[in-house]
Amino acid sequence: MKELILVIARALVDHPEDVRVDIREEARGTVYSLSVHPEDIGKVIGKQGRIAKALRTVVSAAGLKDRRRIIVDIVS
């Protein structure tokens, strides 16, 4: 799952070397924190959050295979 998020995020940004994904387990599910360069935060979120929503949809669909809840947080 982490690799999927990294591949998608690196394709969107101008500074792919600054893309990081941290994982933590919480009661509500597995949380993946996506961190990007401050200049690239808008590219990952997109207009009205469309890119972020699409990223979350793809990752959630991939998580259904393992029957776990996946949450993607985007931080700068």
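I started at serine 35, which has its place in strand S2 (residues 29-35). Helices and strands here are DSSP runs (H or I, at least four residues, for helices; E, at least two, for strands), numbered from the N terminus. I noted that the model is predicted: local features need pLDDT of at least 70, side-chain atom pairs count only at pLDDT 80 or more, and totals for chains, interfaces and linings use all residues. Residues are numbered from 1 along each chain as its sequence is written, and side-chain values use heavy atoms, with hydrogens and water left out.

**Serine 35**

I looked up the accessibility of serine 35 and found 9%, so serine 35 counts as buried. The cut-offs are under 20% relative accessible area for buried, over 50% for exposed, and partly exposed in between (1.4 Å probe, protein chains only). I then listed its contacts (heavy atoms within 4.5 Å). Leaving aside neighbours within four places in sequence, serine 35 touches Asp18, Val19, Arg20, Val75 and Ser76.

**Whole chain**

I counted 3 helices and 3 strands in the protein chain. From the N terminus on, I read their order as α-β-β-α-α-β. The C-alpha trace spans about 35 × 20 × 20 Å along its principal axes. Buried residues make up 33% of the 76 residues. Of the contacts with a separation of 6 or more, 52% are between residues 24 or more positions apart.

**Glutamine 48**

Glutamine 48 has a positive phi of about 55° although it is not a glycine. Most residues other than glycine have a negative phi. I also recorded that glutamine 48 is exposed, at a relative accessible area of 75%.

**Salt bridges**

I searched the whole structure and got 6 salt bridges. The criterion is a side-chain nitrogen of Lys or Arg within 4 Å of a carboxyl oxygen of Asp or Glu.

One of them joins aspartate 14 to lysine 43, with the closest N and O atoms 2.2 Å apart. Aspartate 14 lies in the loop between helix H1 (2-12) and strand S1 (20-26) and lysine 43 in helix H2, so the pair ties together parts 29 residues apart in sequence. Aspartate 14 is exposed at 52% relative accessibility, and lysine 43 is partly exposed at 35%.

I next looked at aspartate 22 and arginine 20, whose side chains meet in a salt bridge (3.6 Å, N to O). I logged aspartate 22 as partly exposed at 39% and arginine 20 as partly exposed at 47%.

Last, I looked up aspartate 73, which forms a salt bridge with arginine 24, the closest N and O atoms being 3.8 Å apart. This pair links distant parts of the chain: aspartate 73 is in strand S3 (residues 70-75) and arginine 24 in strand S1, 49 residues apart. Aspartate 73 is partly exposed at 22% relative accessibility, and arginine 24 is partly exposed at 36%. I also found Arg24, Glu26, Arg28 and Asp73 linked in a network of salt bridges.
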